[in-house]
Amino acid sequence: MRKYGLLIAAVIALGVGAERFAPLLDTPPSTQAAQSDSAISDAFRAKAENLPVRGQGKVSAVLRDDTRGSQHQRFILRLADGHTVLVAHNIDLAPRIPQLQRGDIVRFKGVYEWNPEGGVVHWTHHDPAGRHAGGWLRHNGQVYE
């Protein structure tokens with residue numbers, strides 16, 4: 001019986017560890033990317049709020065930081081299906097992506113909020129209060145969380 005308990009504990013630990021190290025994996029399979037694109041496009045059409053999302057996109061614009069209140073690095077990603085989304089990455093809580101440029105590929109995990117321009121992904125970092133699951137950004141092999 002003890003063997004099964006250890007086996008179950010190991011499987012749970014691997015599952016938790018897989019989520020923690022997901023941003024370190026290389027490009028996700030195209031089916032995963034397509035599913036995340038369609039989930040964000042569906043969320044936009046449904047005017048969804050507070051929806052956990054993950055995916056990747058190509059930087060189509062790097063915007064000035066939002067310095068009102070908490071500071072956020074802002075950029076727009078174009079997903080594979082053509083949908084664009086604003087990423088607002090809190091640089092008071094997580095490191096900024098240095099030298100981010102148009103055309104760069106960025107993977108993300110965060111929370112989607114609808115707006116008429118395509119939506120915003122935020123909470124791309126840890127939550128010090130523990131209210132949200134930790135998000136992240138991945139750029140050129142480096143994880144920002």
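**View 1. Surroundings of V106 in the predicted model.** Beyond its neighbours within four places in sequence, V106 is in contact (heavy atoms within 4.5 Å) with G55, Q56, G57, V59, F75, L77, I97, L100, L137, R138 and H139. This is a predicted model, in which local features need pLDDT of at least 70 and side-chain atom pairs count only at pLDDT 80 or more, while totals for chains, interfaces and linings use all residues. Residues are numbered from 1 along each chain as its sequence is written, and side-chain values use heavy atoms, with hydrogens and water left out.

**View 2. The largest nonpolar core.** A nonpolar core is a set of buried (under 20% relative accessible area, 1.4 Å probe, protein chains only) Ala, Val, Leu, Ile, Met, Phe, Trp, Tyr and Cys residues joined through side-chain atoms within 4.5 Å. The largest one has 18 residues, of which F75, L77, I97, V106, F108, Y112 and L137 touch the most other members. At least two residues each come from α2, β1 (51-62), β2 (72-78), β3 (84-90) and β4; helices (H or I, at least four residues) and strands (E, at least two) are DSSP runs, numbered from the N terminus. The largest share, three residues, is supplied by β4.

**View 3. The aromatic pair F44 and W114.** The structure holds one aromatic pair. The ring centres of F44 and W114 are 6.3 Å apart and the planes lie at 25°, so the pair is stacked (rings of Phe, Tyr and Trp, its six-membered ring, with centres within 6.5 Å and planes under 30 degrees apart).

Terms used. Phe/Tyr/Trp six-rings, centres within 6.5 Å; stacked < 30°, edge-to-face > 60°. Buried < 20%, exposed > 50% of the residue type's maximum accessible area, 1.4 Å probe, protein only.
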